[in-house]
Amino acid sequence: MVKQTARGVEYLYAVVVLFLLTQGPVYKVWEASGRAMEFAPTPSVLQAHAATFVLVQLPAAALFFLRLHRRGLDRVTTTILAVLVGWLTLSTVWSEFARVTVIDASSLVLTTMVGLYFAQTYTQREMLLIVTGAMQIGIAMSLWAVWNNWTLAVDPDVGYWIGIYFNRNSLAPPAAVGAITALAVAWMALRKRTTWTPLWVVVALALVAIDVWVVWKSQSSTSVGAAVVFLIVWVFWAALRWAYNRRIGGLSLNRRWVYPAFLAIVAAMTTIILVFQDSFLRLVGQESRFNSRSQSWSFSWDGVLDEPLIGWGWMAAWRTRTFFQRDGWWDLGDVSWSHSGYFDVLLGGGFVAGGIFLALIVVSGVRLHRIVLVEPLGQLRYAVAFFVLAAATQESFFMGTHFLWALLVWALVPTADEISREEQRRQPDGRPAAVPSGR
């Protein structure tokens, strides 16, 4: 009984910490203190934000270390991730703005440990329910804020929804993640077919409808595109697993051809979309919402070429005066960040960090390939990872204290147990063994 209660409390904690890492709730809590800054300028409200994020994540970091030897993580992907985060932390040494880098790098380390805690503690089914629940809390609070006319819940000029997130591009990701994970819950319920299946499906689809409505009211395009990527990846790998478990195609065939072809197609489509993004958006009349991005990316790329090997220091470039001492800075308007997680990595740690990050994505995909073809929810990690990777082309989502970075870490790092279970199920000829009933 005590163990069940403790487990229930830990589930609740996982939901709460993920909910708070959507950032809007923490900012909302300290909103009144921020307005009072003119009367009491010390301590800064930014310090209150940082302290809150540290406090809510510390239990996850502590539990991660306590369980490090009890349920190990895949050493290959964990090592590459540690090298990446370690390199970005080390960039404090040469950072152009070290006092910013050391804080942001520390935040990145802490949120990375939260993602690893999720990976070592919860099954994919459990994580699916945890993520869905966490997102729905934020959406419910945002709906309440809109209906009760809270300050900045709705943009006063254009009328798009912001909710409790202070920015429509911060509201849309939780709503989109809530929608796609709730849809996955409905899919999971249909597969298990218990007496509770109809209720699960009805509730999950109702949440999908609400979340999609919130995304639409936010008028944010980034999360819509990322959600489409999630669904494409989900369907692709679910179909491939269906064929594989029916003895259509062996493991070696999938590893040698399918996964490399999948990566090549994703890379090609991403390049095409980014290169011709302005043309695509002009067709749907949304160019004005994105026209600053191409300028920001161009300026960021020039900055990468100025410090190509080791970068400017993690998250330091756009806060450094020398970064702006180049031609073209006057064309940026009010833009003050790269609008891309990938440029953040390159600017922060140079091509060294970019190469490590690329290795993490590719190697993690190979390791997860052992799971996706066997586990009924195996495609969940792939789909979540590519949702975040797609969304990060438009926004700075590779950062500490952000739920999308925690989810990306969880998605990229399987446990050693998951890898070993797959190896036990697979027959010597590379064909899948029979999957136990109920899985």
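**Helix pair α10 and α15**

I started with helix α10 (residues 222–244) and helix α15 (residues 379–391), which pack at an angle of about 155° with their axes 8 Å apart. Helices here are DSSP runs of H or I with at least four residues, strands are E runs of at least two, and both are numbered from the N terminus. The axes are lines fitted to C-alpha atoms, for helices over the stretch in contact, and angles run from 0 to 180 degrees between N-to-C directions.

Before going on, I noted that this is a predicted model, where local features need pLDDT of at least 70, side-chain atom pairs count only at pLDDT 80 or more, and totals for chains, interfaces and linings use all residues. Residues are numbered from 1 along each chain as its sequence is written, and side-chain values use heavy atoms, with hydrogens and water left out.

How do α10 and α15 run relative to each other, roughly parallel or roughly antiparallel? They are roughly antiparallel, given their angle. The cut-offs I used: under 35 degrees is roughly parallel, over 145 roughly antiparallel, 65 to 115 roughly perpendicular, and the rest oblique.

I then listed who makes the contact (heavy atoms within 4.5 Å). From α10 the list includes Phe230, Trp234 and Trp237, and from α15 it includes Tyr382, Phe386 and Phe387. By class, this contact has 16 nonpolar, 3 polar and 1 charged residues. Nonpolar covers Ala, Val, Leu, Ile, Met, Phe, Trp, Tyr, Cys and Pro; charged covers Asp, Glu, Lys and Arg; the others, Gly among them, are polar.

**The cores**

Which residues touch the most other members of the largest nonpolar core? Phe118, Trp237 and Phe387 do, out of 105 residues. A nonpolar core is a set of buried Ala, Val, Leu, Ile, Met, Phe, Trp, Tyr and Cys residues joined through side-chain atoms within 4.5 Å. Buried means under 20% relative accessible area, exposed over 50%, and partly exposed in between, with a 1.4 Å probe and protein chains only. Apart from this core lies another of 10 residues, with Trp318 and Phe343 among them.

Back to Trp237: leaving aside neighbours within four places in sequence, its contacts include Tyr259, Phe262, His369 and Tyr382.

I looked up Ala179 in helix α8 (residues 168–192). Ala179 is buried, because its relative accessible area is 7%. Not counting residues up to four places away in sequence, Ala179 touches Val208, Asp211 and Val212.

Pro198 is in helix α9 (residues 197–218), and at 52% relative accessibility it counts as exposed. Its C-alpha atom is 9.2 Å from that of Ala186, 12 residues away along the chain.

Most residues other than glycine have a negative phi, so I jotted down two exceptions. Leu152 has a phi near 65° and is in the loop between α7 (124–147) and α8. Gln219, in the loop between α9 and α10, has a phi of about 60°. Both are partly exposed, Leu152 at 44% and Gln219 at 27%.

**Whole protein**

The protein has 17 helices and 0 strands. Buried residues make up 52% of its 439 residues.
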